Amino acid sequence: MTDQSSPSSSGTPQRVAFLGLGVMGYPMAGHLAKAGLDVTVYNRTASKAQQWIAEYGGRSATTPCEAAQSADIVLACVGNDDDLRSVTLGEQGAFAGMSRDAVFVDHTTASANVARELFSIAREQGLHFLDAPVSGGQAGAQNGRLTIMCGGDAAVFEHVAPTLRHYGVAVTLLGESGAGQLTKMVNQIAIAGVVQGLSEAIHFGQRAGLDMPRVLEVIGKGAAASWQMDNRGNTMIEGRFDFGFAVDWMRKDLAICLDEAKRNGASLPVTALVDQFYGDVQALGGRRYDTSSLIVRLRKLSA
Ligand SMILES: NC(=O)c1ccc[n+]([C@@H]2O[C@H](COP(=O)([O-])OP(=O)(O)OC[C@H]3O[C@@H](n4cnc5c(N)ncnc54)[C@H](OP(=O)(O)O)[C@@H]3O)[C@@H](O)[C@H]2O)c1
């Protein structure tokens with residue numbers, strides 16, 4: 001009988017399944033195919049799976065359960081906790097099709113609770129579960145340069161890390177089950193405050209009549225520099241938001257952060273406020289805007 005704490009097969013796994021070919025999952029699965037792995041994909045909307053196969057080869061399955069059969073590793077990147085439960089549990093879910101000791105790697109940004117719940121269910125069924133949310137956005141997924149924050153058993157992490165490195169530049173185990181999702185929450189809390197600060201800075205500079213592209217070029221070399229300033233500053237100045245990480249997704253993530261903070265007692269006043277500001281952006285029609293669109297409501301308030 002295999003030790004519950006480590007997966008059975010040795011070496012780099014070759015047979016993988018990928019569930020959820022969205023903005024992130026589609027290119028991530030593509031990197032696995034390009035690396036020569038035997039990839040079976042599942043997407044709820046089948047036409048996207050067909051499009052993926054036309055581009056990368058491989059196979060598609062009609063259910064997560066079917067996709068998971070004979071895969072050493074099943075990877076997923078779907079929307080939220082409920083979506084994750086629906087692709088893992090039940091008769092058509094991946095857990096029902098996975099072979100003993102296979103590993104389920106979840107790249108969805110979800111709660112730490114659902115990660116721990118699925119970790120326990122997987123263990124009861126002789127499977128393994130790793131929470132592995134990502135940062136780096138659509139560009140990071142396309143370029144294979146994601147940061148991947150993992151929670152789970154060390155032996156399971158070591159087993160799957162070479163596979164994740166096909167699209168991850170920083171693939172790190174942060175602790176036991178749920179630690180990957182908690183780390184992603186830290187990431188989102190840090191981003192929320194920075195984007196609001198950058199929005200106010202650009203808004204103020206524009207109201208002051210400054211040449212803002214030049215201003216950002218200068219202050220971007222000093223203590224105010226940030227990823228958001230480098231990658232979003234100019235599009236914020238221009239008022240372009242039709243790309244990137246959607247406000248709806250950010251609100252989902254901040255709700256997860258605020259919920260977890262209720263449990264661990266952390267005080268998150270700015271995060272709570274920025275969450276409300278994103279609510280305003282949604283009401284202004286910006287549900288699919290990039291998260292840098294926080295500046296839209298400042299312009300509206302000053303109009
Ligand atoms: N986009 C980013 O920049 C970014 C960055 C970091 C993290 N993330 C996180 O990554 C996850 C995916 O984001 P995304 O931008 O790739 O989203 P997306 O483009 O909306 O794709 C979501 C994928 O999940 C599938 N899905 C959703 N609910 C499902 C369900 N109940 N059953 C089966 N499949 C379901 C969708 O299938 P259909 O095609 O049938 O709708 C689609 O393939 C989210 O948790 C997000 O927060 C996104």
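Let's start with T271. At 4% relative accessibility, T271 counts as buried. Buried means under 20% relative accessible area, exposed means over 50%, and partly exposed is in between, with a 1.4 Å probe and protein chains only. T271 lies in helix α13. Helices here are DSSP runs of H or I with at least four residues, strands are E runs of at least two, and both are numbered from the N terminus. How far apart are T271 and G144 in space? They are 29 Å apart, C-alpha to C-alpha, and 127 residues apart in sequence.

A word on the model. It is predicted, so local features need pLDDT of at least 70 and side-chain atom pairs count only at pLDDT 80 or more, while totals for chains, interfaces and linings use all residues. Residues are numbered from 1 along each chain as its sequence is written, and side-chain values use heavy atoms, with hydrogens and water left out.

Next, helix α1. Among the buried ones are Y26, M28, H31 and L32. After α1 comes G36, with a positive phi near 95 degrees.

That brings us to backbone angles. Most residues other than glycine have a negative phi. Here are two with a positive one. S70 is not a glycine, yet its phi is positive, about 65 degrees. You will find S70 in the loop between α3 and β4. S70 is partly exposed, at 43% relative accessible area. D101 is also not a glycine, and its phi is positive, near 75 degrees. D101 sits in the loop between α5 (94-97) and β5 (103-106). Is D101 buried or exposed? D101 is buried, with a relative accessible area of 7%.

Now charges. Side chains of opposite charge can pair when their charged atoms come close. We call it a salt bridge when a side-chain nitrogen of Lys or Arg is within 4 Å of a carboxyl oxygen of Asp or Glu. How many salt bridges does a search of the whole structure find? The search finds 13.

One pairs R15 with D72, with the closest N and O atoms 3.1 Å apart. R15 is in strand β1 (residues 15-19) and D72 is in the loop between α3 (64-68) and β4 (73-76), so this pair ties together parts that are 57 residues apart in sequence. R15 is partly exposed, at 39%. D72 counts as buried, at 16% relative accessibility.

Another is D82 with R85, at 3.3 Å from N to O. Both are in helix α4 (residues 81-88), 3 residues apart, which separates them by about one helical turn. D82 counts as exposed at 53% relative accessibility. R85 counts as partly exposed at 27%.

Then D280 and R297, which meet at 2.9 Å, N to O. D280 belongs to helix α13 (residues 269-283) and R297 to helix α14 (residues 294-302), so the pair ties together parts 17 residues apart in sequence. D280 is partly exposed, with a relative accessible area of 34%. R297 is buried, at 11%. Back to D82 and R85 for a moment: salt bridges that share partners join them and E117 into one network.

Last, the ligand. Which residues come nearest to it? Of the 25 residues around the ligand, the nearest are N43, T45, K48, G79 and K252. Near means that a residue has a heavy atom within 4 Å.

Some individual distances. A polar side-chain atom of K252 lies 2.8 Å from an oxygen atom of the ligand. V23 uses its backbone: an N or O atom there lies 2.9 Å from a ligand oxygen. S86 has a polar side-chain atom 3.3 Å from a ligand nitrogen. How much of the ligand does the protein bury? The ligand alone exposes 900 Å², and the protein buries 89% of that. Those areas come from the Shrake-Rupley method with a 1.4 Å probe.

Note on methods: Polar contact = N/O pair within 3.5 Å; in protein donor to acceptor, adjacent residues only side chain to side chain.
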